[in-house]
Protein chains: 4
Amino acid sequence: MAKGKVCLAYSGGLDTSCILRWLLDEGYEVVCFLANVGQEEDWNAVEKKALKIGAKKMVIEDLQKEFVEDLCFRAVQCNAQYEGRYLLGTSLARPVIARSLMRVAQREGCDCVSHGATGKGNDQIRFELAFYAIQPSIKIIAPWRESKFFNRFQGRNDLLDYAAETGLPVTSTKAKPWSIDANLAHCSYEAGILEDPNQEPPNDMWTMTDDPMKAPNEPTNITISFEKGIPTKLVTPQKTFTDSVELFKELNRIGKVHGIGRIDIVENRFIGLKSRGCYDSPAMTILRLAHLDLEGLVLDAQVRSLRDQFVTHNWSTFLYNGMYFSPERAFVENSLVFSQKSVNGEVRLSCYKGAAYVLGRISSTEKLYSEEEASMDSLENFSPEETTGFIKIQSIRLKKYSEEWAERQ
Amino acid sequence: MAKGKVCLAYSGGLDTSCILRWLLDEGYEVVCFLANVGQEEDWNAVEKKALKIGAKKMVIEDLQKEFVEDLCFRAVQCNAQYEGRYLLGTSLARPVIARSLMRVAQREGCDCVSHGATGKGNDQIRFELAFYAIQPSIKIIAPWRESKFFNRFQGRNDLLDYAAETGLPVTSTKAKPWSIDANLAHCSYEAGILEDPNQEPPNDMWTMTDDPMKAPNEPTNITISFEKGIPTKLVTPQKTFTDSVELFKELNRIGKVHGIGRIDIVENRFIGLKSRGCYDSPAMTILRLAHLDLEGLVLDAQVRSLRDQFVTHNWSTFLYNGMYFSPERAFVENSLVFSQKSVNGEVRLSCYKGAAYVLGRISSTEKLYSEEEASMDSLENFSPEETTGFIKIQSIRLKKYSEEWAERQ
Amino acid sequence: MAKGKVCLAYSGGLDTSCILRWLLDEGYEVVCFLANVGQEEDWNAVEKKALKIGAKKMVIEDLQKEFVEDLCFRAVQCNAQYEGRYLLGTSLARPVIARSLMRVAQREGCDCVSHGATGKGNDQIRFELAFYAIQPSIKIIAPWRESKFFNRFQGRNDLLDYAAETGLPVTSTKAKPWSIDANLAHCSYEAGILEDPNQEPPNDMWTMTDDPMKAPNEPTNITISFEKGIPTKLVTPQKTFTDSVELFKELNRIGKVHGIGRIDIVENRFIGLKSRGCYDSPAMTILRLAHLDLEGLVLDAQVRSLRDQFVTHNWSTFLYNGMYFSPERAFVENSLVFSQKSVNGEVRLSCYKGAAYVLGRISSTEKLYSEEEASMDSLENFSPEETTGFIKIQSIRLKKYSEEWAERQ
Amino acid sequence: MAKGKVCLAYSGGLDTSCILRWLLDEGYEVVCFLANVGQEEDWNAVEKKALKIGAKKMVIEDLQKEFVEDLCFRAVQCNAQYEGRYLLGTSLARPVIARSLMRVAQREGCDCVSHGATGKGNDQIRFELAFYAIQPSIKIIAPWRESKFFNRFQGRNDLLDYAAETGLPVTSTKAKPWSIDANLAHCSYEAGILEDPNQEPPNDMWTMTDDPMKAPNEPTNITISFEKGIPTKLVTPQKTFTDSVELFKELNRIGKVHGIGRIDIVENRFIGLKSRGCYDSPAMTILRLAHLDLEGLVLDAQVRSLRDQFVTHNWSTFLYNGMYFSPERAFVENSLVFSQKSVNGEVRLSCYKGAAYVLGRISSTEKLYSEEEASMDSLENFSPEETTGFIKIQSIRLKKYSEEWAERQ
């Protein structure tokens with residue numbers, strides 16, 4: 001009789017193949033799970049491999065729509081960004097994957113879940129907090145944090161040896177000198193040679209963006225429409241897209257061609273270590289810019305300021321730290337959605353050699369911007385003398401302060 | 001005997017020339033003041049013009065060093081940005097200009113100051129709050145808010161007629177269909193045809209950046225060094241710069257060639273109106289990116305998060321709203337300076353067709369980033385099991401929340 | 001034909017009686033409006049007086065329920081407090097009064113509104129921002145800011161003379177040496193002898209609280225129930241109250257007897273001046289304490305922390321500054337309501353000589369507090385070793401920081 | 001040869017006596033450490049007991065001055081409060097104790113430190129984060145989190161048995177049905193019967209406050225002076241105190257007599273559990289009120305608002321969570337100190353039956369409050385018409401918002 005039934009997040013790679021084998025060796029029954037969040041994958045090959053190694057079942061779930069609509073578009077509404085730069089691609093995918101994995105675990109009657117995330121990274125935290133929040137009683141097996149496992153497998157060679165011993169089918173391709181994680185929102189590159197923060201990433205590393213230096217000499221102009229802060233339409237020179245996933249993929253395609261959305265940063269992981277990461281996020285970069293721009297036109301100044309300080313900063317941090325299934329994320333997201341009621345309109349952009357540029361924006365429903373009122377020349381409904389009073393009253397406090405401190409010097 | 005003695009912020013343009021004439025007509029004695037904050041100007045011609053119209057004196061002050069060191073570099077330390085995009089070029093110049101104008105007013109024995117800012121904009125507020133804060137007793141004459149003036153001069157033609165009548169020397173060049181304000185930090189473009197937020201700015205509008213589409217096909221790679229968050233050295237392929245103003249101007253030059261730093265936004269003015277502005281800020285754009293990047297390497301995560309929410313957001317808003325000479329600006333700037341003690345190191349960047357890219361960063365003094373510790377492979381000084389406890393404790397609250405709400409559904 | 005039709009906020013006192021007379025002199029038709037927000041008043045006498053002076057109509061509206069439910073209870077949900085102490089009694093009443101006055105103005109076809117608030121206070125701002133927000137086209141007559149009026153009436157004696165001249169019925173009672181404003185939430189005392197912040201308020205000043213030194217030697221114990229943060233039931237030794245207004249008034253009665261809710265502060269007015277105010281708020285003080293206490297039992301820690309920093313602070317400031325009818329107030333109030341879903345339960349308190357004390361709290365629906373889990377002895381579902389990992393991971397950043405700075409000393 | 005040398009935080013109670021014995025059994029050499037932070041203690045008896053059990057040395061350090069000046073007065077400057085109510089007595093003492101213990105550990109050549117804090121509480125975290133921050137290489141022995149220890153000692157009886165077996169001198173007094181921790185700042189009461197949050201604490205529980213119901217019928221009036229936010233003088237009807245510790249103790253004495261400073265709350269521990277705590281903090285309660293009041297008179301409105309949202313909230317949370325020796329605490333404390341430059345003046349208070357009341361406040365150096373300017377009657381230097389402009393400009397945004405949303409309903 002099996003020790004227990006495990007739902008394993010399985011990618012088909014060397015690590016999780018060894019983990020699968022090891023769990024079987026340890027006496028568990030294993031159901032493998034793989035989420036399709038838009039990455040390139042030979043799905044059949046993965047399934048075959050899992051079953052060959054001994055998985056009882058391989059479940060592959062297409063989460064692309066859920067991922068784009070529930071997470072990526074929410075991030076766009078939020079102008080989400082971690083530490084002023086990172087667009088959170090991996091952080092956004094984790095909640096969707098974890099939720100789906102738990103659905104599978106529950107359906108298949110698993111009492112344990114397992115994954116191949118390492119012991120120093122953010123992903124282990126994101127996955128496990130999600131698992132516990134969804135089902136507090138779940139048992140989690142994190143082999144890279146179990147001494148029995150990590151003492152035995154101290155490097156890639158140990159895994160290769162184990163694979164050879166146990167007859168695991170291993171792709172002979174040489175590992176890249178960095179780690180990759182891809183989904184619709186981005187591809188991330190870290191570890192290996194990238195651990196030197198002064199080492200420029202090699203140009204052939206990037207997978208979701210072409211080299212801006214080799215991008216076309218002609219820009220591509222597009223128009224993105226938003227309803228309540230959510231992208232609802234993309235018009236390109238060729239075609240119009242309204243399906244969320246298709247719209248998102250087309251932006252990835254255009255962004256790739258023009259080399260838009262590369263970043264290279266040193267960031268602060270939840271556990272208190274700094275790490276270096278490179279990310280290319282074409283669609284997210286373009287959507288964030290367009291949304292930010294539209295908000296200038298349609299959002300009240302004070303609501304925007306509060307949203308920036310309170311919602312944008314915190315939502316981004318919560319996602320980064322794996323706190324999606326938390327009361328605090330629900331709390332700030334409720335505010336976010338409320339703030340977006342008026343974010344309706346469209347933005348025209350130009351994509352060219354590494355960047356997107358806003359060409360113009362318009363809203364047929366929102367009226368906070370008034371060309372006439374903004375005009376320096378127009379004085380309708382506005383008496384310039386009023387500003388005198390405004391300034392005088394604003395100066396009361398400053399004058400007092402000035403007098404107070406002048407005396408002391 | 002004169003009604004009073006006025007120190008007028010005089011640019012040599014049509015508006016302030018008419019104001020100068022009008023103040024004299026009203027019986028004031030006038031000292032003209034012009035700040036050199038790095039704009040292109042025929043300084044002699046302005047002086048001659050002022051004296052010809054009847055100014056008692058024309059004072060021109062070179063404030064470039066003060067502007068770069070006291071304001072622009074502080075903004076860089078702060079990663080300052082208004083509403084997520086605007087780098088505050090005009091807002092940064094105003095305090096320096098106002099402070100210098102007041103020094104001149106006091107030296108010249110003026111009891112009044114005057115300026116040509118319009119009645120709906122931010123600049124009137126920035127100037128006047130500064131004047132009042134520096135000398136609470138000062139009298140301010142803001143002609144564009146005095147009915148006697150603005151009723152008489154209802155448009156450009158009225159000013160031209162007045163100039164003709166009173167023999168003002170007027171340049172015959174046709175006015176541009178937008179307003180311009182330039183200093184070392186940026187050039188701003190607004191009003192006129194730009195008041196339609198969906199009207200793309202004409203390509204010949206931009207003065208401090210060349211068209212990214214016509215930028216060189218070869219990037220320029222540079223290295224910027226920071227001490228306590230302040231740029232102290234720029235190394236270009238040709239030369240090394242350590243003088244603050246020269247360093248800043250060289251970045252403007254490089255940024256201009258590569259078309260770096262254009263933005264086009266709708267923003268929220270202090271008085272509650274929205275307006276559309278276009279800005280090109282080459283040096284500030286490059287410096288902000290470099291500083292932001294270095295902070296990733298050397299700043300503690302929690303200090304950074306607090307600084308972002310509290311200092312960056314507020315300092316930017318205070319500057320935008322003309323609150324430089326305020327206790328709240330002093331309060332947050334004190335925090336800013338404290339946070340920058342460890343921001344020491346250098347950043348390598350590449351400038352290419354409209355954008356700057358980080359190539360690498362290094363610090364010889366700061367050690368928060370450790371290549372070895374960040375490594376996923378290294379387990380020295382770190383037991384992976386510890387993370388298990390961390391996650392378990394973090395999950396306590398999430399589990400409770402989950403149980404609480406699960407029951408309700 | 002009248003110059004216009006004015007809806008005047010009329011109290012029956014000397015100031016607004018003179019304003020009524022003056023508006024009539026100026027050629028306006030006047031409808032008087034008085035809100036019943038729970039203050040003591042001889043309503044018939046006020047009506048008679050208004051009509052005698054010449055008002056076309058006197059409208060008195062009972063706003064007690066609206067005031068308690070829409071504003072006071074919202075403040076309780078929010079633990080609202082301005083500058084750490086003031087419970088906002090006047091600020092809470094203004095929006096309800098202004099809204100009702102505008103309803104009357106619109107019903108009666110008035111194109112103007114008027115009030116007797118002075119030119120340095122907060123109330124003029126609160127009233128007028130509300131009027132403008134509700135009907136942007138409304139014309140406002142603020143006599144105390146019109147030179148024609150304030151130059152003529154430079155003190156109380158001028159008003160008394162005018163009253164005598166124009167035959168206004170004036171109560172002969174001598175004015176108190178301070179100003180009073182009362183409603184269900186509190187009574188405020190300011191100006192006059194209170195302007196010296198070191199002058200202790202006379203004991204006979206307070207109207208809604210008896211002297212704590214003369215309060216009964218026996219406490220009164222009560223129980224207050226909340227649903228979603230709203231007080232829904234009050235149980236006293238004598239009786240149970242569930243009607244919002246009755247419950248509120250009974251708490252005022254109990255609080256008065258025991259002398260609960262006096263504060264005496266120097267506060268910062270919106271216009272930048274400091275002023276001294278004394279306030280007694282029996283019901284609000286007791287309700288705030290009870291609500292704050294219940295939140296300890298039932299609110300998630302992180303939601304609470306975010307709510308405290310962003311919602312409580314800002315909602316209080318918005319109300320104080322007259323920003324009730326603003327997008328920012330709506331924005332934070334939406335968050336507030338969301339946060340209160342779990343604030344269900346009851347709190348037992350004791351009222352005694354100037355203060356209320358919590359005796360205990362319980363919730364039959366919320367489970368975040370678990371006696372068993374909190375117990376230091378119980379180790380069920382909790383392995384103490386986990387905390388070791390938690391602490392170790394939390395210390396990573398602190399150790400780095402410590403090493404970094406140790407070297408520098 | 002000993003396994004290692006341990007510096008143990010030793011109180012003389014049953015728990016730490018057993019831990020001392022157990023450490024010796026385990027083969028460690030032990031130096032005992034006890035901090036005098038103002039608690040009542042028979043210091044000689046503790047020393048004798050430690051030595052008798054087998055400690056190599058007993059070190060007792062008087063930290064009262066350090067505790068009051070470095071921590072308690074900083075908390076007063078900050079108006080520190082956790083979750084709106086708790087004055088942080090225990091949290092304030094921990095950093096001082098930990099720092100002193102580490103000094104002793106280093107002096108005595110210990111490579112380990114140990115304490116008797118339980119595995120679910122905050123104190124283990126506060127102690128250990130401090131230890132690690134001060135000396136990252138230190139080894140920590142937390143017996144209540146070691147299975148070898150906690151499995152053996154599952155309750156008080158196991159400890160008593162062990163004491164009997166090993167000849168530990170045990171006081172025969174019956175344990176109280178709750179835990180106590182006392183220092184100058186407060187006494188805390190938790191666990192045991194208090195774990196039922198609806199259980200009213202017995203009146204004989206409180207040690208630092210007399211029952212308000214039995215307090216004198218006559219108030220005691222006092223005056224407290226502050227310099228830069230730090231209490232520097234206390235004048236009572238009997239005497240004047242300027243020494244920090246004496247001043248603090250006298251306030252504790254007065255507060256005790258009048259029953260001031262009891263609170264009873266459910267709070268959120270760092271590890272995510274809720275717990276119930278009762279605290280009496282006489283001096284801190286009086287000082288916080290006095291300081292808060294003085295700030296109303298002398299602190300700029302905007303600085304205060306920023307300080308409240310960012311410094312007060314965060315400093316309190318950092319202290320509660322054991323983050324004293326952290327970059328973020330240093331960062332916000334730097335802001336705090338800057339904000340207090342103008343907090344100079346004195347506050348008169350009355351202490352009476354459970355509460356303190358402010359009678360008046362004055363500052364001879366600060367001028368932000370001006371009686372004349374605050375006066376509703378005075379119009380010097382202030383034109384009421386200016387407020388009209390202020391209100392008009394403030395209303396621009398509200399009118400736009402109103403029009404925008406009116407159309408949608």
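**A lysine where C meets D**

Modeller: Let's start with the setting: 100% of the interface residues of chain C are also interface residues in chain D, so the copies meet through the same surface (contact means heavy atoms within 4.5 Å). Bear in mind that this is a predicted model, where local features need pLDDT of at least 70 and side-chain atom pairs count only at pLDDT 80 or more, while totals for chains, interfaces and linings use all residues. As for bookkeeping, residues are numbered from 1 along each chain as its sequence is written, chains are lettered from A and ligands numbered from 1 in the order written, and side-chain values use heavy atoms, leaving out hydrogens and water.

Now the spot I'd pick: Lys274(C), in strand β12 of chain C, residues 274–280 (strands are DSSP runs of E, at least two residues, numbered from the N terminus). Lys274(C) is buried (under 20% relative accessible area, 1.4 Å probe, protein chains only). Even so, Lys274(C) has no salt bridge (a side-chain nitrogen of Lys or Arg within 4 Å of a carboxyl oxygen of Asp or Glu). The nearest side chain of opposite charge is Glu83(C), 6.2 Å away (Lys and Arg count as positive, Asp and Glu as negative; His and the chain ends are not counted).

What Lys274(C) does have is a polar contact of 2.8 Å with the side chain of Asn268(C) (N or O atoms within 3.5 Å, one able to donate a hydrogen and the other to accept it; residues adjacent in sequence count only if both atoms are side-chain atoms). Across in chain D, the backbone oxygen of Gly296(D) sits 2.8 Å from a polar atom of the Lys274(C) side chain. Leaving aside residues up to four places away in sequence, Lys274(C) touches Val266(C), Glu267(C) and Asn268(C), plus Glu295(D), Gly296(D), Leu297(D), Val298(D), Leu299(D), Leu368(D), Tyr369(D) and Ala374(D).

Another network of shared partners takes in Arg85(A), Asp264(A), Arg276(A), Asp293(B) and Arg361(B).

Key:
Helix = DSSP H or I, 4+ residues; strand = E, 2+ residues; numbered from the N terminus. Buried < 20%, exposed > 50% of the residue type's maximum accessible area, 1.4 Å probe, protein only.
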